[in-house]
Amino acid sequence: MRIFVFFDLPTISLENQKEYRKFRKYLVKSGFMMLQESVYCKIVLNQTAVSGVYENLRKNKPPKGLVQILTITEKQFSKSEYLIGENQSDVINSDERLIII
């Protein structure tokens, strides 16, 4: 399963910017990867893990702005299509790994 976090946070004041950075850092430290600006994704094993992630997101939500979460299955995610652009990932494919003997 994949959990998506979509957010639109205010960044007008210095305090807003601090809260934005704090939330973004929380997402990265929690294992979320950025798909697009303000769109983050995390792979989880089952519904129990989903519940735990949702609870932690509620505990670490910023005081202002809009944060939405969505869970989909891997099968649903595999049907996504790039209309323009291409997938850019820091994850190394198994074909790209070097085998040292």
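This is a predicted model: local features need pLDDT of at least 70, side-chain atom pairs count only at pLDDT 80 or more; totals for chains, interfaces and linings use all residues.
Arginine 2 counts as buried, at 13% relative accessibility. Despite being buried, arginine 2 forms a salt bridge with glutamate 74, and the closest N and O atoms of the two are 2.9 Å apart. Side chains of opposite charge can pair when their charged atoms come close. The partners come from distant parts of the chain, 72 residues apart: arginine 2 belongs to strand β1 (residues 2-8), and glutamate 74 belongs to helix α3 (residues 74-78). Glutamate 74 counts as partly exposed because its relative accessibility is 33%, a value that falls between the 20% and 50% cut-offs.

Helix α3 also holds glutamine 76. With a relative accessible area of 47%, glutamine 76 is partly exposed. The C-alpha atoms of glutamine 76 and arginine 2 are separated by 9.4 Å, although the two residues are 74 residues apart along the chain.

Of its 101 residues, 24% count as buried. The chain exposes about 8300 Å², with carbon and sulfur atoms supplying 53% of that area. Among contacts between residues at least 6 apart in sequence, 69% join residues at least 24 apart.

The salt bridges in the model come to 2. Besides the pair formed by arginine 2 and glutamate 74, there is a salt bridge between the side chains of glutamate 55 and arginine 58, with an N to O distance of 3.9 Å. Here both residues lie in helix α2 (residues 47-59), where they are 3 residues apart, or about one turn of the helix. Glutamate 55 counts as partly exposed, at 38% relative accessibility. Arginine 58 likewise counts as partly exposed, at 48%.

Charge also gathers elsewhere on the surface. Lys18, Arg21, Lys22, Arg24, Lys25 and Lys29 form a patch of positive charge there. One of these residues, lysine 25, has its place in helix α1 (residues 14-29).

Another lysine, lysine 64, is found in the loop between α2 and β4 (66-72). Lysine 64 counts as exposed because its relative accessibility is 56%, and the cut-off for that class is over 50%. Even so, lysine 64 touches Leu9, Pro10 and Asn16, when residues up to four places away in sequence are not counted. Lysine 64 and tyrosine 20 are 44 residues apart in sequence, while their C-alpha atoms are 9.5 Å apart in space.

Tyrosine 20 leads on to serine 38, since Tyr20 is among the residues in contact with serine 38. Leaving aside neighbours within four places in sequence, the contacts of serine 38 are with Val5, Phe6, Phe7 and Tyr20. Serine 38 sits in the loop between β2 (33-36) and β3 (39-43). Although in a loop, serine 38 is buried, because its relative accessible area is 18% and buried means under 20%. The backbone at this position deserves a look as well: serine 38 has a positive phi of about 70°, although it is not a glycine.

Leucine 35 is partly exposed, with a relative accessible area of 42%. Apart from residues up to four places away in sequence, leucine 35 touches Phe4, Tyr40 and Cys41.

Note on methods
Residues are numbered from 1 along each chain as its sequence is written. Side-chain values use heavy atoms; hydrogens and water are left out. Helices (H or I, at least four residues) and strands (E, at least two) are DSSP runs, numbered from the N terminus. Buried means under 20% relative accessible area, exposed over 50%, partly exposed in between (1.4 Å probe, protein chains only). Contact means heavy atoms within 4.5 Å. Patches are made of residues with over 30% relative accessible area and no salt bridge: like charges are joined within 9 Å, nonpolar side chains (Val, Leu, Ile, Met, Phe, Trp, Tyr) within 5 Å. Accessible areas come from the Shrake-Rupley method with a 1.4 Å probe; for residues, only the protein chains shown count as cover. A salt bridge is a side-chain nitrogen of Lys or Arg within 4 Å of a carboxyl oxygen of Asp or Glu. Lys and Arg count as positive and Asp and Glu as negative; His and the chain ends are not counted. The place of a charge is taken as NZ of Lys, CZ of Arg, CG of Asp or CD of Glu.
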